[in-house]
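This report takes a protein model and goes through one of its sheets, a loop residue and its aromatic contacts. The chain comes first.

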Amino acid sequence: MAPLSVLLLLLLPPPPVRLWAQLEDRCKWNVVLNKYQSLGQGSEKFFEQLPVSLYELFKNLNDLPVDRSETYMGFPYYLKITLNCYLKDKGTIIRGSHLTGTNPKVRISFYTPVNFRSWKSERLQLDMEGAPLKRSCLAEETCDLNWFTPMPMKNGSLVMEVEIISNHLGELVENARFLININGFMKREKGKLIFTLGTQTRGITHRDFINTESKPVWATMGQAPVLILGGIPDEKMILISDSSFDEITLVELNIDSCWLGSLQCPQEQFTASIFDAICTESTLFIRQNQLIYYFTGEYVSLKAPGSSNWVRVLHNRCIKRLCPVETPLNGSEYVLALTGGNEEGFFFLGTITDGIVTFKMFPLEKSLCQYFKVDSCKLLWVVYNTARNNFMLLMEFTQGKVRDAWLMEYIAYIDNSVVDTVFKLYDIPPFVPNDGGLDFVMLLGMETYTDYPLIIKGLWINPFSNMMFIWGNAILQSYDYKNFIYLAEFPKESTIKYLASNYQGEVACVTETEEIWFIVEGSIKVYKLYPSEGWDTLFALSQMEASSLYLRNETSVSVFYDVMGLQQLVYQVDKQGNGKLLKRLLPVNQILVYQQLSMTTHDETETSKGSILSYSAVCPFQLMQLRDLPTPQIFTRQERYHADAPFVSSISGFHNKFSLAIYQGLIYYLLWLHSKYNKPYADPVHDPTWSWWKEEKTDKNFFVYLASNFQSTYGLYINMDSYVKSYKQEKSDRLPQYIYLDKGDIYSFSVYLTSPQSMQVSSMTSRGNLRLAVVVADPMCVATDVEKHNLINHNAILFKVSIQDKKACFDQGISGHNLMKTSVLIKVVDSAGKCFLKTRSGYEMLGNNMIPILIGCPLGKRLAFDITATLKYNKEENKRYFDCVHPDPEMPCFLFTDPFVPFFLIQDMVTGESGSFNGSYILKVIGGGISLDNITDYSEADIYRYNSPEDKSESHIWTILGEERKIGSYFILQHNTSGVQWLCLQNSPCHDIIPSHIYSPEFFFKIMVSNRDVDKSTYCDYQVIFLLHVHGLPLSNNRALWYLWLTLYVILGLLFFYILCCFLFVHVKRFWNKIKAKFTDIMTTESFYSYSSSSSMPSMVSSKFSQVQSNDGERASVLKPREKKKT
């Protein structure tokens, strides 16, 4: 049938010329990592995680808008982007692409870490611009042209998705996506990069994979940076990769021993192979025979150090199987270990938190076999349902000659109780149901059965849709775990050995004979992908195109899902006998299209011009469009930054190592600004980058002048406006991969469907066949509404769909913590596996869309203290405002005697919106001090005494102004109606503060505000802790009285001293003058006698003459009469 399918493909009309040219790309993007010292050479492994200093480079940038006082850092790696062209003259194509404007954009998506308690939960993207860099060579000036960007890291994120986006100039190249993850299982020793968990001993050989069974890749969904795969025959080796098996290494593990088995733990056969392998964010688990080992990687984001050797756990336990838990819960990851032998009926739950591994055994009291008192039992499979926090068990019991298989629910009260609860949910039939030629059979107890035994192998649950599959040589499907449907299209002769799912509505099944089957959730169809007619057509076309993706001699190693879709790991042997391990995308939709062509029926109509072939329309609609979709980031909570490379003032436009290093430092600083933007005080501008370059932007024209005249350092110009946060992302015509719903949120859109024109029925009948179904996983939590509008003129129907949270299934939580998983399935009836759209990247299935929903407090929302509105209101209300003597613009002061009415903002870090918080809240003073250096945190007992109105110990710091409402022991404050009056009573820490200077006492209050349990308008548990500076605190009565008496004493003493000085001043002055005069006479007399005794006779005569004159003068003065006063 394959040649017929090929002929049918050739009969299809070709697409338009422009589309046909785009579908045949001559080149593809590829990325590798480089270090600064070896830019453009080879590739590196992503194992170094510490930043590098760029201080020496940035300190010389005098004429560029950078703050040289800052310590600029960089990341250890660069992203090298190359064009791989499959033509002989690929160098000419690459050079021509650069000259015609080809410049890739790079989008880095950081995956949210598991432990949201250690790292902030957020979904972050960074858009960068590729910087062209050439290596000098002798042949041609621009040979070996590549583009480079920094390879950034974010705190806590170990998994990063890199998307190369073409700018649609020059060569047409399709966008490409890659996973580049941090490998914590490598180290550098003696200048060589080696693995820490084993030894890379040899290359891959034929005997490792030929005639071997495929194995599942088990990992925490979207969280495991390193994947491993066992199953190498008789070798303790694993395949390991940090790029989702794009690059693969074979490593021999350095585990200690292999347990051979015992009477209590029988072993059918001994082998050194690794049977089970499970990957988590930080730790790898393996099972060899009955032994369990784990190895923790060396990651700087973990609290625990990495392992130096494999750690063996569950000593002396008979472990027969590991079961994965592919979705995390409560900030931790999990793994299940099932026991066998004499310990049958027990299982262990392994918990991994920040690299710390602990195991706990369940059931707590006795084994499951002892619960039901049967002759023998076997625990086949265990699923830890993280959505409901319970265990689903698949067990087989034997009582005499009767063998039963049960589906059971086990609830363990892990915290304090030791009571277990086990419920029997469903009794699995022992034989395969008789389908009677139908696609499915509802198992109600009235159906008939064949004589073919029903073999049960495992269990699978989608925590988003609540879909359960019991699989083996049949597939039983259920939504409520009590009522099942048998999917009859899966043959009872085949037995499934493992499942893989993307948890968005697609499930792939691999049988023991390596068949691959495909299921679309919400439908009853099971599609065989390999071997099939569609696969044969795909293989035939690939051989015609001389594609190396498909060879005749190949062995399937594993089938698994990653972010790019369903992948297959195969080992191929070419005609020369050379083998290679290859990962390829399994084109499910393309195979289904080819199978549909082989089953297409047609009618032949005779006309006057000849026979006309008309093919029946398999798809119930001709066109499907999604319209009126909201702005994506509102519900996806995806934050995005944009940063262009510095402009180089060279004619060729090539960058150099210095410009790339500066680009690296700018990217690091941008992410640093993002990570530290968690201030409790709301900034005037709601943007983490608002303070960056706010002063340098005034000199923007000067920097442009320097760069345009080739006067800037290194010939660079930094466009400050390009380093921004993007709040308005472009709308999409596709449903998002997930949405977040807060309390009462509504997500709405429209579905536009047109009827097929080839249907031989009336337009009214064809439109009547178009039906849109909405399947809600949790109808008690999510409500949907569908409005149907007939567009008769367009022969179409418009369905308006709205999805709304019912405010019933979530309490309150911190942003991004412990969100409830659910989903809504939007499907056009009878369209699953029948409707496809051909795009540039392949075929896309239409008509079935599952929207995973996360209910709770969305990512990126926070509460902030609105200091601007608080100051404005308090100034207007109190008619005054007294700031501190030494004001701080970052932390204004408030006067103790003035009522304090705080205001808060709800800031959306994703959309950039900021609005007033209008709900209720509780305010507590949880710490304080007289200065910023000695702030202490209060104990729970102290917090109660200082804040609770029920406390009677005279310890209150504040009381409420306005209406008094309480919850428990604390006041409830309301926006704009409640305020705070400071008290600082006798036993409070702010009572009787001794001033340290001449100004009034002041105190720093550490305040926590939370809306927990008092605000019913949101699921968000908003909480903000901030410091409040209050001055003008009063003194205690005793201390004030003491200061008063001391002041009076000082003033009176000074006054008495002043009066005393004024009264005695005249007498003291006269007494001092007399003493001074006598002292002068004595000195004069002594001087005279000393002089006269040493002089000659003339001197004596003149002395006597002077004495006579003196005596005559005295006599004359005595005889002189006194003058009379005038009247």
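β41 and β42 (residues 565–573) pair in the antiparallel sense over eight bridges. Strands here are DSSP runs of E of at least two residues, numbered from the N terminus, and two strands pair if DSSP finds at least two bridges between them. Within this pairing, Thr555 stands opposite Tyr571 in β42.

The sheet is open and has three strands in the order β41-β42-β43, with antiparallel pairing. β41 (554–562) and β43 (579–585) are the edges; each has a single partner strand, so one side of each lacks a neighbour in the sheet. Neighbouring strands of this sheet are turned by 20 degrees against each other on average, direction ignored. The axes behind that angle are lines fitted to C-alpha atoms, and angles run from 0 to 180 degrees between N-to-C directions.

## Basis of the model

The model is predicted: local features need pLDDT of at least 70, side-chain atom pairs count only at pLDDT 80 or more, and totals for chains, interfaces and linings use all residues. Residues are numbered from 1 along each chain as its sequence is written, and side-chain values use heavy atoms, with hydrogens and water left out.

## Ser166 in its loop

Ser166 is in the loop between β9 (159–165) and β10 (176–181). Its relative accessible area is 7%, so Ser166 is buried (under 20%; exposed is over 50%, partly exposed in between, with a 1.4 Å probe and protein chains only).

The Ser166 side chain makes a polar contact with the side chain of Trp29 at 2.9 Å. Such a contact is a pair of N or O atoms within 3.5 Å; within protein, one must be able to donate a hydrogen and the other to accept it, and residues adjacent in sequence count only if both atoms are side-chain atoms. The side chain of Ser166 also reaches the backbone oxygen of Val173 at 2.6 Å.

## Aromatic pairs

The structure holds 59 aromatic pairs. Rings of Phe, Tyr and Trp (its six-membered ring) pair if their centres lie within 6.5 Å; planes under 30 degrees apart are stacked, over 60 edge-to-face, the rest tilted. Trp29 and Trp147 have ring centres 5.8 Å apart and planes at 80 degrees, so this pair is edge-to-face. Trp29 lies in β1 (residues 27–34) and Trp147 in β8 (residues 145–150), so the pair ties together parts 118 residues apart in sequence. Trp29 is buried at 5% relative accessible area, and Trp147 is buried at 0%.

Note on methods: Helix = DSSP H or I, 4+ residues; strand = E, 2+ residues; numbered from the N terminus.
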